[in-house]
Amino acid sequence: MFPSAHCFFVEGSRFGMIDNSEFCHLKYSHLKEHQKINLNGKFVVPGLIDAHGHLMGLGQSLKIVDLKNCQNTSEVRFRLREFIEKREESDRNLWLLGHGWDQTKWSNDDGFPTYNDLDSDPILSKFHISLSRIDYHALWVNSKVIQALNLPPNPKPIEGGKIITGSEGNPTGIFMDNAIQLITIYPERDEKENIQTVNDAVDHLLEFGLTTIQDAGVFPAELRILQKIFQHSIRKIRNYAMVLCLDDTQYCGDQVPKELILKDGASIDGRFLMVRSVKMMLDGALGSWGAAMIEPYSDKPNITGLLRHDPLKLKELVWKWTQNEFQVCIHAIGDLANRIVVDIFEETISIWKTKFSEKPSLRLRIEHAQIMQHQSLIKIGQSNGSILPSVQPTHCTSDMFYAEKRLGISRLNGSYMWKSFLNVGVAHLPFGSDFPVESANPLLGIYAAVTRLSNEGTSPNGTSGWYPQEKVSITQALKGFTIDAAYAAYLENEIGSIETGKLADFSVFTTNFFEATMDGHPEEILKSKCDAVKQEKMGPKKNAVVEKPLLGRPSNNLKMGIVGLPNVGKSSFFNALTNSSAPAENFPFCTIDPEESRVAVPDARFDWLCDFYKPSSKVPAYLTVIDIAGLVKGAHEGQGLGNAFLSHIKAVDGIFHLCRAFEDSDITHVEGDLDPVRDLQIIHEELRLKDEDFIEKLVASREREVARLGSGGNAQDKVKKEEFEILKKIQKWVSEDKKDVREGDWSGREIEFINTMYLLTAKP
């Protein structure tokens, strides 16, 4: 299990004391307000780590044509035309770049599109068009690009790549794997564009709670660009970069800036860009029939995929990198590629142990490790952590709808394995996303790992998940994006868990992943939002004003519930406020399950600041509005599904209380006649009575607990007794004085305790 805590200290840039006692926050009530942060029960995890992504690629994907989920070539053309119409006139002569097409999602998955599919549009034919497939292992270009390449008729075969040709031997517009390198005629980006690209990518990653990424393939020239950017502007996310040689059949370690190289045991405090590893590509991807397979593809019996390296030369190259103390990370998807990599790694480990027995063990990585034979799996387990499979859970849930067609059933038993790795002895299983191939949101990966389902809750095997025996626990899934990912980068002593002495990287979420999974609702993980990330060193504020804490959970992402009797216009108000189309009918309980929508809050001050500073991204305050079904008299006792609806109210931060103040004989009223004052009183009373019942049960439980403590006791016992006295004071206010909690004059200590109870009458 993970080390867990209820309270922790941050001293400088590292975690200080960790306190796991349930009411630890009460021990430190003497601290000044600017010295502590009460997260009010939110879920805090170690700063999330993506073990395989592409920073520059992500930044570029955010500003080119998004072709993900296109259903056919017509939709691709439509999105390209739409993108052109939105561009500035001065940009009309530039290339048209796009990413994300996936022919496996089209009605005809028998082959690739061609340049004719792009040239058929007279507007598009004026541009140089280059569109990368979802996995970046195939490029689709138009005839304008092909002409600019000046390729000879019937071009020669490309080792480790392929140019798809037609019946007469001429290119059709698809370049695969190593053949993509032929297209070098793109316009170069200037320094300003590079800075903007990286800034956009980093801001995007921070929104999801990521504090560290492992950049899986950065050319030496790109490393120098990133070095300059990270030195002068980007210090918000840690980047463990894998160098990728322009010709990855050659050694280029001498081209890595020496100051970026991470040595064994070195601290990364203050370091946000570091290099210790190399990325190599052995095969292609499954979706483009490029993954190197032992037997032919089931849906293309004449194809076994592509090997981008000669295995004997690759073995020599792996040893050269290893001798120079670079961690070797090899892309391998097909079972042939994985068999070759495992065998090479096994031999490399043996030589290393013989020659360098005094040095730490190797941690050689297989990036993707998607399809492999049982013998390769066993060898990985027997390596005692020297061979690490680095996997991406969302690749599984993206590929599962066509994988059987590509591979056949028999090979699927050795595909997209997670639990099998753990069962054979793999102690560290790092998880990533391969962004921008997949979404950078790590919560999608966590959900996929524990369910083997799509985000919509489906799979080829139904709602139990695709090959559910490979699911992992929520603990293992979170480890994959934290401590196991840190281990895969030799950083487990610096980041990856909330422990004293480690760098204080942590992320705050609105949903407890463990509770959601144990309650049988892992889909709640997908709804969670990252409230904050902490990474930079934070010093104490000077001349801070100590203010009394507020009732409730104020933040820049409030959840407000619309509450009232049935048929008073709640759904209509919800639709008007959020520009939604929720059903709004003239009968009680038209709404059963709550409707939810998130809207940006207009703020002239925010607009002025954005206009003045012109930031690369804008994140306004958001208001989440929830349309809650109508309450009736007796709701606190369960009348009209009242208990369910009251629980929906308990989950929000504040209330929009709506009542009807107009006569209309065509609209029914559950109380028979119009009386807004009475209607307001009904709702107020139902909320108060529900709080009264909740507090009564809590007092009875705490009274027995306090009685067992007796007199005296330790500090924790005294805190419990203090809380019980506060609880009795709240009970008198609600039950005897019959008043709402929000109307009371409470001390700061009392408000902190009230906020842990989520009382209905405490909500503003």
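Select Trp608, Leu609, Phe612 and Tyr613 to begin, since together they make a nonpolar surface patch of about 500 Å² in this predicted model. Residues are numbered from 1 along each chain as its sequence is written. Local features need pLDDT of at least 70 and side-chain atom pairs 80 or more, while totals for chains, interfaces and linings use all residues, and side-chain values use heavy atoms, without hydrogens or water.

Helices (H or I, at least four residues) and strands (E, at least two) are DSSP runs.

Next, colour the open sheet, in which 7 parallel strands follow the order E4-E11-E12-E13-E14-E15-E16, two strands pairing if DSSP finds at least two bridges between them. E4 (48–53) and E16 (387–390) stand at the edges with a single partner strand each, so one side of each has no neighbour in the sheet. Zoom in on E15 (residues 364–368), which 4 bridges join to E16 in parallel, and find Ile366 opposite Pro389 in E16.

Finally, select helix H22 (residues 676–709), whose 34 residues reach 49 Å from first C-alpha to last, close to the expected 50 Å (1.5 Å times one less than the number of residues). Gly710, with a positive phi near 70°, follows H22.

Definitions and conventions
Patches are made of residues with over 30% relative accessible area and no salt bridge: like charges are joined within 9 Å, nonpolar side chains (Val, Leu, Ile, Met, Phe, Trp, Tyr) within 5 Å. Accessible areas come from the Shrake-Rupley method with a 1.4 Å probe; for residues, only the protein chains shown count as cover. A salt bridge is a side-chain nitrogen of Lys or Arg within 4 Å of a carboxyl oxygen of Asp or Glu.
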